[in-house]
Amino acid sequence: MPKNLFVDPNEVRQAGKVVFNDIPVNQYNKTIKEELKSGKYTKEDLIRIFRDMTVLREFETMLNLIKTQGSYNGIDHTYPGPAHLSTGQEAACVGQAYLLDENDFAFGSHRSHSEILAKALSTIQKMSDEQLMEVMENFLEGKCLRATEKLGECKDVKELAIRFILYGTLSEIFARETGFHMGMGGSMHAFFLPFGIYPNNAIVGGSGTISTGAALYKKINDKKGIVVCNVGDAAMARGPVWEALNFSAMDQYKTLWESHNDGMPILYNIFNNSYGMGDQTRGETMGQDRMSRIASGVSPTQFHAETVDGFNPLAVIEAMERKLELLRNGQGPVMLETITYRFSGHSVSDQNAYRTKEEIDTWKECDPLVTYPAKLVEAGVLTEDEVNAILKETSDRMTMICKAAADPEISPYCDFNKDPAVVERLMFSNEKVEKFDNREPEYLVPKEEAEAYKKIKSKVRNSVDENGKPVSKMKMFNLRDALSEVIYDRFYEDPTLIAYGEDCRDWGGAFAVYRGMMDALPHSRIFNSPLAEGAIVGTAVGYALSGGRALVELMYADFIGCAGDEIFNQMSKWQAMSAGILKMPVVLRVSVGSKYGAQHSQDWTALCAHIPGLKVCFPATPWEAKGLMESALKGTDPVVFFESQRIYDVGEQFHEGGVPEERYEIEFGDVNKVRDGKDVTIITIGAALYRAMDAAKQLSEKYGMEADVINLHSLVPLDYEKIVESVRKTGRVVLVSDACARGSFLNDVAKNITELCFDDLDAPPVVIGARNWITPPFEFDEFFFPQASWILDAINEKIVPLPNYVVQNGCTETEALRRAKQGV
Amino acid sequence: MANAVIMPKAGITVESCIIGTWEKKVGDEVNVEDVLFTYETDKASFECESTAQGTLLEIFFEDGDEVPCLVNVCAIGTKGEDCSALRPDAANDTVEEAPQEKPEAPVVNIAETTAVQGSATAISPRAKKLAERAGIDASLATPTGPNGRIIERDVREIMNNATAKAVVQDAVPAKAVEVAEEYEDIKFSGIRRAISESMHKSLSTIAQLTHNTSFDASAILAYRKQLKAIGGDYAGITLGDIVLYAVSRTLLNHPDLNANMLDNNTIRRFKHVNLGVAVDTPRGLMVPTIFHADEMSLLEISKATKELAAQCREGNISPDKLSGGTFTVSNLGSLGVESFTPVINPPQTGILGVCNIVDKVRKGADGEIELYSAMGLSLTYDHRAVDGSPAARFQKELGENLENFTVLLAL
């Protein structure tokens with residue numbers, strides 16, 4: 001919605017036609033001799049390409065035998081985990097990796113062993129011995145290297161590095177402590193950052209958004225190298241992958257960005273083996289015919305897409321050469337469809353019910369592991385004996401590696417008996433990082449001169465003035481200002497901090513938290529994203545795990561569902577799955593709505609709190625908002641930051657002296673005691689705090705009862721100390737939030753209180769939530785969301801009868817049972 | 001690392017002990033074998049020596065607390081060290097606080113005035129805990145919670161009424177301060193409490209009655225004179241020892257008195273006589289046992305009695321020597337008691353009270369009135385186990401044996 005982009009009816013209504021460029025398909029046709037003659041490859045290069053292909057093939061042959069027969073070359077081992085093999089796709093992987101180095105990030109599909117190993121072998125070839133030794137010595141304090149050294153004498157550092165990468169990958173797959181991630185990632189989540197090998201993903205197409213975020217990181221922070229996003233053909237049907245393509249192709253990089261306005265440095269590579277699991281993407285479950293066609297629907301550049309024969313490594317290398325040149329010239333994103341085929345089943349339980357033996361045999365006739373060395377022999381590059389010698393060397397090495405990875409002496413499992421907290425420690429990194437880069441943060445206007453910032457600073461930081469009179473709304477520092485102030489401060493400290501989401505820039509965020517920031521900060525720091533929640537969160541995950549800090553927004557909490565995988569599987573899990581190697585400094589702002597009906601009014605804290613690995617908070621006062629945002633934007637853990645549209649305008653009513661000018665952090669886990677009383681404890685989440693305070697007032701004035709009111713501004717983690725202290729004192733507790741009562745997070749709190757304070761309870765803890773309905777129109781709010789009267793009713797009916805109290809809304813047991821039975 | 005000192009197990013049957021006084025206080029430096037505190041079983045008092053060296057970090061129980069054996073009593077370690085892990089589990093807390101032991105009298109009065117009682121058994125955990133702490137029968141509360149549940153305020157209501165009532169009652173004598181100066185409340189020691197319980201149980205559960213007889217003590221007085229003249233250990237043999245000896249021999253002919261009542265239907269007869277001897281100590285009555293007295297000479301019995309009495313007075317007797325008696329002898333003769341009703345030490349079936357010697361008159365062989373020295377014997381027996389005649393027969397035989405003591409010695 002930028003004003004400088006004029007939407008001209010004369011132009012958009014003009015007659016014409018949309019024109020597409022031709023998409024090259026399998027155009028490579030050079031012979032080995034021609035390639036040698038052109039000087040592009042030495043004989044050694046061509047031989048190494050073959051060697052690398054054998055290493056990949058042998059690795060998966062070994063895994064297949066271990067899975068199906070429990071034995072490989074005399075080594076017996078049982079491995080219960082997944083093995084999604086890609087036997088047959090080696091030439092495609094080696095060809096892709098051939099020109100990449102450690103600065104290029106490659107993200108994997110979930111059929112990634114060959115992708116990972118090919119990238120590693122290529123990187124090893126390009127790094128010096130000193131660099132390699134440094135990497136291996138420093139990785140996990142040399143734990144992996146020490147285990148590799150036990151394999152015996154080694155002719156040189158490169159061979160040691162090959163053994164290292166094979167051993168680290170295999171012991172990761174075998175769930176050993178000596179694996180690259182202590183076995184916590186396993187087959188579908190293996191990676192090795194020092195060689196530019198980034199996570200592959202058990203969620204099909206999961207890398208789509210994450211790799212795009214990594215490219216965004218490289219683009220904004222001027223980092224070397226490009227990003228390769230590997231996905232399979234079937235993954236192209238997934239929404240988040242489309243969202244990622246669109247995100248990477250946004251016009252604004254060229255039309256609006258003041259700097260970093262090159263195209264996105266990313267290659268979307270589709271390894272097209274014609275099948276998902278057993279579904280056939282061409283002819284059955286999809287309709288693009290050629291996958292390379294897809295980008296034509298995303299950008300006029302058509303991502304410079306082409307289809308290349310992935311059974312010929314040299315064809316892939318040549319195509320990669322073209323793509324890399326485009327990317328290095330700032331003409332990304334680009335796309336490659338790499339035709340390949342997997343001889344192996346999707347998994348070892350695959351009965352090949354969906355294809356004929358004849359089809360497989362026909363493909364085997366052009367198996368690159370047969371055809372490529374034959375061409376080398378024909379061209380006089382290799383003799384038959386030399387081919388066999390390479391195969392033997394590869395087989396011997398693999399046998400040695402497998403033996404070591406299967407040996408519990410060399411490759412022990414994590415000892416969960418001795419150390420039951422082994423995973424517990426990996427869940428959060430709990431670090432504080434002032435800034436992720438030392439360069440000067442980019443801005444358009446210094447902070448002190450930013451109009452919006454100055455305005456915030458000029459406000460009265462309390463809800464009442466010195467004389468106790470209410471401060472006028474316009475002059476009052478409210479919850480929105482509290483968030484805004486911290487975000488401004490952090491923008492000018494951490495140069496990697498970026499903020500985006502729907503309508504963040506010109507609009508200032510749907511609820512004006514970013515108001516005025518467009519005048520102070522360039523597009524590369526705060527921009528409007530496409531309406532693509534999966535891409536918003538997924539790119540933030542990629543941005544953060546690459547080394548930056550991302551603050552993203554989903555507008556309404558109801559849109560969490562649109563980014564389900566990205567929040568619940570990606571943002572939450574990568575720290576632990578990487579055994580702590582990756583950090584996830586992502587703050588995801590979501591706002592609980594009101595007035596906008598059933599799909600725009602839901603408090604989904606419970607969904608987020610349920611997922612291990614996410615920190616969840618929900619400030620309800622300006623003081624809480626400022627302290628928690630400060631803490632979230634300095635931390636290294638993923639935070640789902642809930643806000644409520646009902647209370648963006650509230651001033652600070654509880655914290656003595658209002659909201660401090662100076663910076664402060666509220667630790668996650670803390671709770672905020674806003675009122676002291678001895679007779680009943682009221683625990684709140686979110687905007688329900690204000691209705692609870694109303695109830696507390698009535699209790700005091702009409703019934704002589706004083707309530708302790710505690711707001712849980714942090715849900716995960718949560719320190720129960722003050723809660724227990726209060727309930728032990730009062731013996732009575734009501735818990736209130738706007739989340740639907742069934743499955744509300746407060747049920748969990750109530751359960752814990754019951755356990756921790758059972759003998760001190762004078763009545764069962766009572767949880768009050770919204771009805772288990774759709775949210776009706778705003779006019780009927782009081783029938784759906786908890787009100788002060790609901791709290792009084794609950795106290796009267798379930799905790800302690802209030803003198804002369806007239807119940808306003810029935811909350812009898814019979815009624816509760818009836819509703820539960822009906823599911824409403 | 002801090003070390004705990006445990007409450008020792010002072011005998012096989014001892015389950016818990018009461019802390020007497022702490023000799024050390026928190027912060028003191030202690031060495032191994034330093035006395036930390038004294039403690040009592042229901043029968044004896046001991047000193048607990050430190051088993052660790054270092055600073056006394058924390059004391060988990062105070063003077064007068066009852067502590068289960070083998071439970072941590074205090075922690076010794078390096079100054080400033082955290083010893084919270086050594087604190088005994090709250091569940092093992094002092095038995096002394098067991099609620100049923102301290103019902104408060106006024107509650108009963110309230111109960112009478114409580115007109116409406118809830119049918120409810122429902123009570124909130126908090127109300128229940130409060131009632132238990134205050135020693136109040138919560139079922140007497142008028143429930144005012146939802147669904148007829150007794151909640152905290154209902155128990156507090158009882159407590160407040162009880163206090164109010166107490167205040168009203170106290171208001172009449174009024175001069176509470178002056179009254180207070182005229183008495184002193186002394187908490188029973190462990191021994192006192194054990195005696196109290198044992199005596200009360202004895203009199204409330206046993207069908208006991210006493211026969212008073214006397215015998216001519218001339219023979220034993222003469223014999224005692226002889227012994228004194230010999231000197232040495234023999235000079236220490238007392239009239240009491242002589243009675244013990246006679247009892248140890250006579251009892252064998254009266255097995256129902258050398259016995260324990262196991263329950264209302266069973267009596268256990270013993271093949272030997274294990275004589276309980278009542279000993280007066282500063283802490284109260286103690287009854288050590290002379291095991292197999294029937295096999296001991298008079299001198300041996302005399303020595304054993306002195307030794308046990310000394311141990312009792314010094315408080316270092318093993319608890320195992322304070323039980324196992326089959327019959328008890330209590331001697332109040334030296335204090336001028338002419339006859340009394342000794343109380344049976346359950347589960348024994350009899351106890352003999354030895355009284356003083358008085359001059360009595362009788363008709364002599366020549367028909368003249370003559371004076372003689374008569375010693376009183378008061379036998380209390382359990383009528384459930386022994387009838388009056390057999391008890392009298394024992395008493396008669398005992399008297400005859402004492403009158404012909406030298407003959408008894410010869411047997």
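The model is predicted: local features need pLDDT of at least 70, side-chain atom pairs count only at pLDDT 80 or more, and totals for chains, interfaces and linings use all residues. Residues are numbered from 1 along each chain as its sequence is written, and chains are lettered from A and ligands numbered from 1 in the order in which they are written.

**Domains**
- Chain A has domain 1 (41-408), domain 2 (447-644) and domain 3 (672-822), with bounds from an automatic or database domain assignment.
- Over C-alpha atoms, the centres of domain 1 and domain 3 of chain A are 54 Å apart.

**Glu58(A)**
- Glu58(A) lies in helix 3 (residues 43-69) of chain A; helices are DSSP runs of H or I, at least four residues, and strands are runs of E, at least two, numbered from the N terminus.
- Glu58(A) counts as buried because it has 23 C-beta neighbours inside 10 Å; the cut-off for buried is 20 or more other C-beta atoms within 10 Å, with C-beta atoms placed from the backbone.
- Beyond its neighbours within four places in sequence, Glu58(A) contacts Thr394(A), Ser395(A) and Met398(A) (contact: C-beta atoms, placed from the backbone, within 7 Å).

**Strand 11 of chain A**
- Seven of the seven residues of strand 11 (residues 586-592) are buried.
- Strand 11 pairs in the parallel sense with strand 10 (residues 550-556) over five bridges; pairing requires at least two DSSP bridges.
- Strand 13 (residues 639-644) also runs parallel to strand 11, joined by six bridges.

**Contact with chain B**
- 12 residues of chain A are in contact with 10 residues of chain B.

Key:
Buried ≥ 20, exposed ≤ 12 C-beta atoms within 10 Å, placed from the backbone. Contact = placed C-beta atoms within 7 Å.
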